[in-house]
Amino acid sequence: PVVKTEDQDILVATLEFPYAKWKFEKFNPVQSRCMEFYDKDTNGLIAASTSAGKTVVAEMFISSEVRKRGGKGMFLAPLRALGREKYVEWTDKNHHFGDLKTSICTGDYRLTPNRIKELDEADIIIMTSEMLNHRSRNVKAEKSKFLKETGTLIIDESHLLTVPGRGDHLEAGLMKFTQLNPKARIVLLSATMPNVEEIADWVSYSLTKNNTFLLKSKYRPVPLSIHYEIYDDSEKRYDLVEDQKVEKALEIVEDYPDDKFLIFAHTKKTGELMKQALKEIGVESHF
């Protein structure tokens, strides 16, 4: 079954986690709830906002897999560059994964016999969803064993399942992987997956036939307020509409002089107009 849960108000001290160490004293509400599940034989789907600490959740599940359960941990990154970034971070000698064998397998690397040997001996493997799909389909020809020895698979930015052109690779890869390794735990992390309950059912009843916890978080490390500004486009003149958009943005910037801003412009021309207008009122900007 799918067990639905939510953020935990009582925060847990990070020292209570036995398999990794962090510099901060307490887990946040998302991470504190995951303390209930990291050592269980269960899948997970964590739907939490950006910067809600989902990477720490991944490290909790991976470290318990490697150090307690004795299996491999695999982390699927949405992009090769992000996979490389995670590899550099986790192989740093000062990181709590620094004493483990971490290997990376993305399209930037040739899969030589030495590379397969490295993956077979690794404690942690970093991949992209496309690479998981390729390796799962070619496991017999490559005579590798690392996929079958993976005990926990973490899928970062798992809303890629819903993206045309990329989601099919991830979906097919997960289906093939769970056929090869039906006992592996699957943990999906996402900030923007619209159909989390449907995906949780799919993981629990179709992919693995194992329990799955679903954490739909409301926690935001930085509160988000949304306001809608209007402008008049009755004259149907594009240049006047552009000027109004720039003016509205400038008004907001001037109302909060101590803040930093990230302004999205829908065309290069609008961005250049915005930059020039900000310069004229003495605000430094880059586009």
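1. Salt bridges. This predicted model holds 15 salt bridges.

2. Glu197 and Lys4. These two residues form a salt bridge, and their closest N and O atoms are 3.3 Å apart. Glu197 belongs to helix α8 and Lys4 to strand β1 (residues 2-5), so the pair ties together parts that lie 193 residues apart in sequence. Glu197 is partly exposed, because its relative accessibility is 36%. Lys4 has a relative accessible area of 57% and is therefore exposed.

3. Arg69 and Glu65. Here the side chains meet in a salt bridge at 2.7 Å, N to O. Both residues sit in helix α2, 4 residues apart, so about one helical turn separates them. Their surroundings can be read from the accessibilities. Arg69 is partly exposed at 36% relative accessibility. Glu65, with a relative accessible area of 2%, is buried. The cut-off for buried is under 20%.

4. Arg135 and Glu142. Their side chains also meet in a salt bridge, at 2.6 Å from N to O. Arg135 counts as buried, with 10% relative accessibility. Glu142 counts as buried too, at 17%. Elsewhere, salt bridges with shared partners join Lys4, Glu197 and Lys216 into one network. Lys4 and Glu197 are the pair from point 2.

5. Overall build. How many helices and strands does the protein have? The secondary structure comes to 10 helices and 8 strands. The C-alpha atoms fill a box of roughly 65 × 45 × 40 Å along the principal axes. The protein has 287 residues, and 47% of them count as buried.

6. Helices α9 and α10. Two packed helices are described by the angle between their axes and the distance between the axes. The axes of α9 and α10 come within 10 Å and cross at roughly 45°. An angle of 65 to 115 degrees would count as roughly perpendicular, and one under 35 degrees as roughly parallel. α9 and α10 are therefore oblique to each other. Their crossing is right-handed.

7. A nonpolar patch. Which residues make the nonpolar surface patch of about 350 Å²? They are Ile252, Tyr256, Phe261 and Ile263. Ile263 lies in the loop that runs between α9 (238-255) and α10 (268-280), the two helices that cross at roughly 45°. With a relative accessibility of 34%, Ile263 counts as partly exposed.

8. Two positive phi values. Most residues other than glycine have a negative phi. Ser51 has a positive phi, near 70°, and is a residue other than glycine. Ser51 is found in the loop between β2 (43-47) and α2 (54-69). Is Ser51 buried or exposed? Ser51 counts as exposed, because its relative accessibility is 60%. Lys209 also has a positive phi, of about 55°, although it is not a glycine. Lys209 lies in the loop between α8 (196-207) and β8 (212-216). Lys209 is exposed as well, with a relative accessible area of 68%.

9. Phe17. Where does Phe17 sit? Phe17 is in the loop between β1 and α1 (29-34). Phe17 is buried, because its relative accessible area is 0%. In sequence, Phe17 and Met60 are 43 residues apart. In space, their C-alpha atoms are 8.1 Å apart.

10. Pro221. This residue is found in the loop between β8 and α9. Pro221 is partly exposed, with a relative accessible area of 35%.

How values were computed
Residues numbered from 1 in each chain as written. Predicted model: local features only at pLDDT ≥ 70, side-chain atom pairs only at ≥ 80, totals over all residues. Heavy atoms only, no water. Patch = residues over 30% accessible without salt bridge, like charges linked within 9 Å, V, L, I, M, F, W, Y side chains within 5 Å. Areas by Shrake-Rupley, 256 points an atom, 1.4 Å probe, with all protein chains shown as cover. Salt bridge = Lys/Arg side-chain N within 4 Å of Asp/Glu carboxyl O. Buried < 20%, exposed > 50% of the residue type's maximum accessible area, 1.4 Å probe, protein only. Axes fitted to C-alpha atoms, helices over the stretch in contact; angles between N-to-C directions. Parallel < 35°, antiparallel > 145°, perpendicular 65-115°, else oblique. Left-handed = near helix turned anticlockwise from the far one by under 90°.
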